[in-house]
Amino acid sequence: MAAVQRFLNLRAPLGTFVRGISTGVPRFEIFKVQSPEEFNEKVRNSKDPVIVDFFATWCAPCRMLTPRIETIIGENEGKIKLAKVDIDEHTDLALDYEVASVPVLLAIRNGKVEQRLVGLQDTDKLRTWVQNVVGKTK
């Protein structure tokens, strides 16, 4: 018991070794839609292209798609934004865009849907699709 007590006395305070290092994708171009008004402001009225990810928290393919699409959006360094719409919270938006199953990705520019991608996609197909959307801005 004495050895354990000596060990505990030698330990540094817990906060001493904690560092905040982020290795993830910058989040400034990825946002979750909180209201229809926010959707109108950030998606429909955006001059830049926006990919809208219609998802559900209970959907396994949606959970698999999320890191893939977020990584690809991050690779494009602000040329395109990603809006995430939970269909259970915003059923009206899902109905407006005829989302019958999830996941669904829509490419929207100047308030108009340019492209649609339905279902879980591999990373290469997603990257090509996003590059095609971004390439139309030039």
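Visitor: Where is Q115 found?

Guide: Q115 is found in strand 5 (residues 112–118); helices (H or I, at least four residues) and strands (E, at least two) are DSSP runs, numbered from the N terminus. The model is predicted: local features need pLDDT of at least 70, side-chain atom pairs count only at pLDDT 80 or more, and totals for chains, interfaces and linings use all residues. Residues are numbered from 1 along each chain as its sequence is written, and side-chain values use heavy atoms, with hydrogens and water left out.

Visitor: Is Q115 buried or exposed?

Guide: Q115 is buried, because its relative accessible area is 14%. Buried means under 20% relative accessible area, exposed over 50%, and partly exposed in between (1.4 Å probe, protein chains only).

Visitor: Which residues does Q115 touch?

Guide: Not counting residues up to four places away in sequence, Q115 touches L105, L106, A107, W129, N132, V133 and K136; contact means heavy atoms within 4.5 Å. With W129 there is also a polar contact of 2.8 Å between the side chains. A polar contact is a pair of N or O atoms within 3.5 Å; within protein, one must be able to donate a hydrogen and the other to accept it, and residues adjacent in sequence count only if both atoms are side-chain atoms.

Visitor: Turning to Q121, where does it lie?

Guide: Q121 lies in the loop between strand 5 and helix 5. At 11% relative accessibility, Q121 counts as buried. A polar atom of its side chain lies 3.4 Å from the backbone oxygen of G119.

Visitor: And what is Q121 in contact with?

Guide: Its neighbours within four places in sequence aside, Q121 is in contact with L65, R68 and L126.

Visitor: Now helix 3. Why does its span agree with its number of residues?

Guide: Helix 3 (residues 60–75) has 16 residues, so at 1.5 Å a residue it should span 22 Å, and its end C-alpha atoms are 24 Å apart, which agrees. The expected span is 1.5 Å times one less than the number of residues.

Visitor: Where does helix 3 bend?

Guide: Helix 3 bends by about 25° at T66, and a proline, P67, follows within four residues. The bend at a residue is the angle between axes fitted to the seven residues ending there and the seven starting there. Just after helix 3, E77 takes a positive phi of about 45°.

Visitor: Which of its residues are buried, and what covers them?

Guide: The buried residues of helix 3 are C62, L65, T66, I69, E70, I72, I73 and G74. Their cover includes strand 1 (30–32), strand 2 (50–55), strand 3 (81–86), strand 4 (104–109) and helix 5 (123–135).

Visitor: How many salt bridges are there?

Guide: The count comes to seven salt bridges, a salt bridge being a side-chain nitrogen of Lys or Arg within 4 Å of a carboxyl oxygen of Asp or Glu. One of them joins the side chains of K32 and E89 (3.3 Å, N to O). This pair links distant parts of the chain, with K32 in strand 1 and E89 in the loop between strand 3 and helix 4 (91–96), 57 residues apart.

Visitor: What about D96?

Guide: D96 forms a salt bridge with R44, and the closest N and O atoms are 4.0 Å apart. Here too distant parts of the chain are linked: D96 is in helix 4 and R44 in helix 2 (residues 36–44), 52 residues apart. D96 counts as exposed at 52% relative accessibility, whereas R44 is partly exposed at 28%.

Visitor: And R109?

Guide: R109 forms a salt bridge with E114, the closest N and O atoms being 2.8 Å apart. R109 is buried, with a relative accessible area of 10%, and E114 is partly exposed at 34%. Elsewhere, E75, D124 and R127 are linked in a network of salt bridges.

Visitor: Last topic: how many aromatic pairs?

Guide: The count is two aromatic pairs. F54 and Y97 form a tilted one, 6.1 Å centre to centre with 40° between the planes. Rings of Phe, Tyr and Trp (its six-membered ring) pair if their centres lie within 6.5 Å; planes under 30 degrees apart count as stacked, over 60 as edge-to-face and the rest as tilted. F54 and Y97 are both buried, and F39, F54 and Y97 form one aromatic cluster.
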